[in-house]
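Subject: Structure for you to look over

Hello,

I am passing on the structure we spoke about. My notes on it follow below.

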Amino acid sequence: MLSFLPRYTHPPIQTRVLSSGLRVVYTPAYSTREFANRLIGSIMEEGPKTTTRIAYAERLPVGLVDELVREVEERGDVCRDEPMSGMSEASLGVETQWWA
């Protein structure tokens, strides 16, 4: 059934399996290339972003955005700046920042 979606939907709906094994349906705006272009443009214009901020801007769940950003990272288009590990007062509530 899913293989017929692109022929009968506008914009064409595709399917893919994310690294977690989650199978999703998506429109062309959420292809890896299009998502990467938006993410890089946003980072270049406004500076580094957290996954939460990206999710808010995209109006998508944080878990899904985390997987999409990691795909962009695997392509080498963004890199992460993680807070120091360990439970110190300074690191509580600090999220990973994504840079282009």
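Two strands count as paired if DSSP finds at least two bridges between them. In this predicted model, β1 (residues 14–17) and β2 (residues 23–26) run antiparallel and are joined by four bridges. Threonine 15 sits opposite valine 25 of β2. The two strands make a hairpin with five residues between them, and glycine 21 in the turn has a positive phi of about 100°.

Helix α2 covers residues 32–46, 15 residues in total, and spans 21 Å from its first C-alpha to its last, close to the expected 21 Å. Its buried residues are Phe35, Ala36, Leu39 and Ile43. Viewed down the axis of α2, these fall within an arc of 100°, so they line one face of the helix. They pack against β3 (49–50), α3 (51–58), α4 (62–75) and β5 (97–99). Arg33, Met44 and Glu45 are exposed on the other side of α2. Glycine 47 follows the helix, with a positive phi near 95°.

The salt bridge count is eight. One of them is between arginine 16 and glutamate 71, at 3.3 Å from N to O. Arginine 16 belongs to strand β1 and glutamate 71 to helix α4, so this pair ties together parts 55 residues apart in sequence. Arginine 16 counts as buried at 14% relative accessibility, and glutamate 71 counts as buried at 16%.

Glu73, Arg80 and Glu82 are linked in a salt-bridge network. Arginine 80 meets glutamate 73 at 2.6 Å, N to O, and glutamate 82 at 2.9 Å between the closest N and O atoms. Arginine 80 is partly exposed, with a relative accessible area of 28%; glutamate 73 is partly exposed at 21%, and glutamate 82 is partly exposed at 48%.

Regards

Terms used
Residues are numbered from 1 along each chain as its sequence is written. This is a predicted model: local features need pLDDT of at least 70, side-chain atom pairs count only at pLDDT 80 or more; totals for chains, interfaces and linings use all residues. Side-chain values use heavy atoms; hydrogens and water are left out. The expected span of a helix is 1.5 Å times one less than its number of residues. Buried means under 20% relative accessible area, exposed over 50%, partly exposed in between (1.4 Å probe, protein chains only). The arc is that of the directions from the helix axis to the C-beta atoms. Contact means heavy atoms within 4.5 Å. A salt bridge is a side-chain nitrogen of Lys or Arg within 4 Å of a carboxyl oxygen of Asp or Glu.
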